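Thanks for coming. I will go through one structure this morning, and I will keep to what can be read from the coordinates.

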2 protein chains.
Amino acid sequence: MLNQVAEKNLPSRRRALQSEFRKRQLINSTIDCIEKFGLSQTTMASIAKHASVSQGIVVFHFQTKESLLEQTLRRLSDDYGNCWKSAYHNAETLPLARLCALVEAVFSPAVCNRKLVGVWYAFWGDARSRLLYKSLCGKQDIAYSSYLLEQCQSLEAAESATMSANNAALSIESMINGLWQELLIGSPGFKQKEAVSTVFKLLQLIYPDRRHEIELLENKS
Amino acid sequence: MLNQVAEKNLPSRRRALQSEFRKRQLINSTIDCIEKFGLSQTTMASIAKHASVSQGIVVFHFQTKESLLEQTLRRLSDDYGNCWKSAYHNAETLPLARLCALVEAVFSPAVCNRKLVGVWYAFWGDARSRLLYKSLCGKQDIAYSSYLLEQCQSLEAAESATMSANNAALSIESMINGLWQELLIGSPGFKQKEAVSTVFKLLQLIYPDRRHEIELLENKS
DNA sequence: GTCTATACGGTGATAGAC
DNA sequence: GTCTATCACCGTATAGAC
């Protein structure tokens, strides 16, 4: 709990910060509850209880449950997007390095773990939330695809790729998504590292001439 | 509506048949509603309304919503399992033919279409239903994996495979699952045929020596 | 087997004190 | 900003007539 006594005279800037803090806290609680109970059993009451505040607080900050879910999804999406975008920009400006960075980023434990994957699936699995998802995350999905495709096109031009850039990008993206599912539903022992390694093997098959580079890029991380 | 006047004196065998018919009808209605509204918005009332019967009927035949969902999931799982099992048994008794049959079967429009994929995701996305899913479908999932793996092992022994049988099976299965997701969330134009073709390209990369056979097996269908 | 009516619990959202 | 109390609604499941 922040200092509530002094709050009355706080400058509006700091008050806004506290409000942001509370919102973050409640969004975190929402994520936790969705993962634990599922979207349908995640109620304003359970969110409030898990955050150890009253239910009125949740309504005060988000007005409606719909709005809370929307901001939760937006937060997930932003975190996810920032993760692979920063990985992309931190990578060497070479198509192969960028491609590997893009793949590896989406399995980073910060955005890819059982809890968060479960929450993503909750949104995808609910017909209503899926509409919300598409409107909020559609552009990012497309952005990731196009980044992937761009690298594949660059590689296709320069290398002896074993499939077209379009096919390569689709294959890579599909396998990534399938491996996410494996983390959620598959054997409990399955880990992100193994997932990355599986996609990297696919990359080696698609770009056999760069096999060793790919191997090095995987072990570098 | 079946003949309800004569029903009183029907032999118990026929009455059981009618009951089965009604149950099927209600399960179908449940699937439709889950796809349209999502699991959480699928109520006993909406299921009954969609089937044009009273809500009491649903309770009479399934007692609880939980039980209805369980039987719905079981039906999905059975249909799905039968689909790939029969494809397996109808295929030539050669590892490659069986492998291709297994892949192709799970994209057959009878079990892989927007509606059914949406319903699967609804179950996966809900934390409670996911437990139900795991207990009902876990064995089938494992069966499919092991069938896949078996073919990959046979091929590995005889051919110059570019990856281990374990990796091959995991790659194939992941890509399949990711392509299912693409059908649900990805671009609306994406179709099963394209999905099959994508996995078959992976097979060609894994078993380069059998490239042409794989191509033929794809076009045969 | 099928219907209608209803009891009961839970959920989102409001009101108003502090 | 935060709380408690409360409302109005909706969903499941029951009861009992037909």
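Chain B can be laid on chain A by a turn of 180° and a shift of 0.0 Å along the axis, with an RMSD of 0.1 Å. That is the relation of a two-fold axis. Please keep in mind that this is a predicted model.

How do the two copies meet? They meet through the same surface, because 100% of the interface residues of chain B are also interface residues in chain A. The contact takes 35 residues from chain A and 35 residues from chain B. On the chain B side, the elements that give two or more residues are α1 (12–37), α6 (114–125), α7 (127–158), α8 (165–185) and α9 (192–206). Of these, α8(B) gives the most, with 14 residues. By class, the side of chain B that touches chain A divides into 15 nonpolar, 13 polar and seven charged residues.

Now a single chain. The C-alpha atoms of chain A fill a box of roughly 65 × 40 × 30 Å, taken along the principal axes. Of the 221 residues of chain A, 39% count as buried. Among the contacts in chain A with a separation of 6 or more, 56% come from residues 24 or more positions apart.

Chain A is divided into domain 1, residues 1–63, and domain 2, residues 65–220. The centres of these two domains of chain A, taken over C-alpha atoms, are separated by 31 Å. Their contact takes 11 residues from domain 1 of chain A and 12 residues from domain 2 of chain A. On the domain 1 side, α1 and α3 of chain A are the elements that give two or more residues. The most come from α1(A), with five residues. The domain 1 side of this contact in chain A divides into seven nonpolar residues, three polar and one charged.

Next, the core. Which residues touch the most other members of the largest nonpolar core? In this core of 116 residues, they are Val103(A), Ile172(A) and Val199(A), together with Val103(B), Ile172(B) and Val199(B). Take Val103(B) as the example. Leaving aside neighbours within four places in sequence, Val103(B) is in contact with Ile172(B), Ile176(B), Val196(B) and Val199(B). Two of those partners, Ile172(B) and Val199(B), are themselves on the list of residues that touch the most other members.

The surface near DNA strand D has six nonpolar, nine polar and four charged residues.

By class, the surface near DNA strand C has six nonpolar, nine polar and four charged residues.

Last, two backbone details. Most residues other than glycine have a negative phi. Gln63(A) is not a glycine, yet has a positive phi of about 65°. Where is Gln63(A) found? Gln63(A) is in the loop between α3 and α4 (65–90) of chain A. Is Gln63(A) buried or exposed? Gln63(A) counts as exposed, because there are 10 C-beta neighbours inside 10 Å, and the cut-off for exposed is 12 or fewer.

The other case is Ser52(B), with a positive phi near 60° in a residue other than glycine. Ser52(B) is found in the loop between α2 and α3 of chain B. With 9 C-beta neighbours inside 10 Å, Ser52(B) also counts as exposed.

That is what I have for today. I can go back to any part of it.

Technical notes: Residues are numbered from 1 along each chain as its sequence is written. Chains are lettered from A and ligands numbered from 1 in the order in which they are written. This is a predicted model: local features need pLDDT of at least 70, side-chain atom pairs count only at pLDDT 80 or more; totals for chains, interfaces and linings use all residues. Ala, Val, Leu, Ile, Met, Phe, Trp, Tyr, Cys and Pro count as nonpolar, Asp, Glu, Lys and Arg as charged, and the others, Gly among them, as polar. A nonpolar core is a set of buried Ala, Val, Leu, Ile, Met, Phe, Trp, Tyr and Cys residues joined through C-beta atoms within 7 Å. A residue is buried if 20 or more other C-beta atoms lie within 10 Å of its own, exposed if 12 or fewer, and partly exposed in between; C-beta atoms are placed from the backbone. Two residues are in contact if their C-beta atoms, placed from the backbone, lie within 7 Å. Copies are superposed by least squares on the C-alpha atoms of residues with pLDDT of at least 70 in both. Helices (H or I, at least four residues) and strands (E, at least two) are DSSP runs, numbered from the N terminus. Domain bounds come from an automatic or database domain assignment.
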